[in-house]
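Dear colleague,

I am passing on the structure below, and after it you will find some notes on what turned up when I went through it. Please read them with the model open beside you.

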Amino acid sequence: MVPSASLVTYVGVLKDALGLKDWRIDLSDEPADDGNLASIYCWPGQRRATLHLGVDFDDEAPDEKRHTLVHELLHPHLHEMQACVDRSLQLVGSQAAHVLTAEHRNFLEHGVDAIAAAIAPLLPEVPDGTADSCTAR
Ligand SMILES: [Zn+2]
């Protein structure tokens, strides 16, 4: 899947609106893992992230697409906190680290998703012509 030019432009608009003007966000042509609508990888030590869209992303309604993209674009703001938690948990026993990592990620995802739900409606809508945001390679 190759992201369309209109989707790349739209992600750039959302990125800037969400305070990530100094970040580079690349849209991958590789799909998100595990059936997720999208995922984002923040490169350690860089203001750079790679956004992956799921194979079902194009099937979503425009509002859900916007919500999903806003959700993913909030993660870079929390990336350093996540990395700090991950490093800290390496200092505790593996069983505790496993439980705490899972709990932390759950709470983080819930928080990110709640914030995305609150602010996505305030941001520009998915533009017409972005309905098919990806084209087959
Ligand atoms: Zn998330």
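Lys 21 counts as exposed because its C-beta atom has 10 C-beta neighbours inside 10 Å, where exposed means 12 or fewer, buried means 20 or more, partly exposed lies in between, and C-beta atoms are placed from the backbone. This is a predicted model, in which local features need pLDDT of at least 70 and side-chain atom pairs count only at pLDDT 80 or more, while totals for chains, interfaces and linings use all residues. Residues are numbered from 1 along each chain as its sequence is written.

Lys 21 is found in the loop between helix 1 and strand 2 (24-27); helices (H or I, at least four residues) and strands (E, at least two) are DSSP runs, numbered from the N terminus. Lys 21 lies 9.7 Å from Arg 47, C-alpha to C-alpha, although 26 residues separate the two in sequence.

Leaving aside neighbours within four places in sequence, Val 11 is in contact (C-beta atoms, placed from the backbone, within 7 Å) with Ile 25, Leu 27, Leu 51 and Leu 69.

Conventions:
Two residues are in contact if their C-beta atoms, placed from the backbone, lie within 7 Å.
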